[in-house]
Amino acid sequence: MAIQRTLSIIKPDAVAKNVIGKIYSRFESNGLKVIASKMAWLSPQEAGEFYGVHKERPFFKDLVSFMISGPVMIQVLEGEDAITKNRDLMGATDPKKAEPGTIRADFAESIDANAVHGSDAEETARGEIAFFFPAMNVYAGR
Ligand code: CMP
């Protein structure tokens, strides 16, 4: 398995619950390293652009409103098979369908307030990392 990088966001609901450390601990104890991080309160423009792929979906407006409702913690995770590993740790998008022991099953309330975001593929990861960390333009480069 290759070393990959993926973009992770701890969403406003989980930041408000004060569980950044608990979520970081899941990453760290499962072989994912935090190699860049920042806390930010996104503007409507930033949230809308980040989730631009969803702009025609019925949930887009609610998604943007939720993502700007409070600060988020944004990080790049690096490790073996990081994209899939992070998605496995997060669990299903809808916390009601997430496997017990996953981040969303343990910390999330609803499909909107679902605690975390993670890139879904290499191409997406590259774009999402560049969106928030423009200086990290060499994918998995060291
Ligand atoms: P995320 O992984 O951040 O990517 C897009 C987000 O849209 C998703 O998590 C959910 O929080 C939100 N969302 C709301 N409704 C839906 C839906 N029906 N399908 C997928 N994502 C949804």
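## Where Tyr51 sits

In this predicted model, Tyr51 belongs to the loop that joins helix H3 (44-50) to helix H4 (60-67). Is Tyr51 buried or exposed? Its relative accessible area is 5%, so Tyr51 counts as buried, the cut-off being under 20%.

Leaving aside residues up to four places away in sequence, Tyr51 touches Lys11, Phe60, Leu63, Met67 and His117. If you are tracing these contacts on screen, Phe60, Leu63 and Met67 are a handy place to begin, with helix H4 spanning 60-67.

For a sense of distance, take Ser110: 59 residues separate Tyr51 and Ser110 in sequence, and their C-alpha atoms are 18 Å apart in space.

## Around the ligand

Which residues surround the ligand? They are Lys11, Tyr51, His54, Phe59, Leu63, Thr93, Arg104, Ile111, Asp112, Asn114 and His117.

The ligand itself sits in the largest pocket.

## Polar contacts and burial

At Ile111, a polar backbone atom lies 2.6 Å from an oxygen atom of the ligand.

How much of the ligand does the protein bury? Taken alone, the ligand exposes 450 Å², and the protein buries 79% of that area.

Note on methods:
Residues are numbered from 1 along each chain as its sequence is written. This is a predicted model: local features need pLDDT of at least 70, side-chain atom pairs count only at pLDDT 80 or more; totals for chains, interfaces and linings use all residues. Side-chain values use heavy atoms; hydrogens and water are left out. Helices (H or I, at least four residues) and strands (E, at least two) are DSSP runs, numbered from the N terminus. Buried means under 20% relative accessible area, exposed over 50%, partly exposed in between (1.4 Å probe, protein chains only). Contact means heavy atoms within 4.5 Å. A residue is near a molecule or strand if one of its heavy atoms lies within 4 Å of it. A polar contact is a pair of N or O atoms within 3.5 Å; within protein, one must be able to donate a hydrogen and the other to accept it, and residues adjacent in sequence count only if both atoms are side-chain atoms. Accessible areas come from the Shrake-Rupley method with a 1.4 Å probe; for residues, only the protein chains shown count as cover. On a 1 Å grid over the protein atoms alone, a cavity is a set of points where a 1.4 Å probe fits but cannot get out, and a pocket is an open set with protein on both sides within 12 Å along at least five of seven lines; lining residues have an atom within 4 Å of a point. A molecule sits in a cavity or pocket if more than half of its atoms lie within 2 Å of its grid points.
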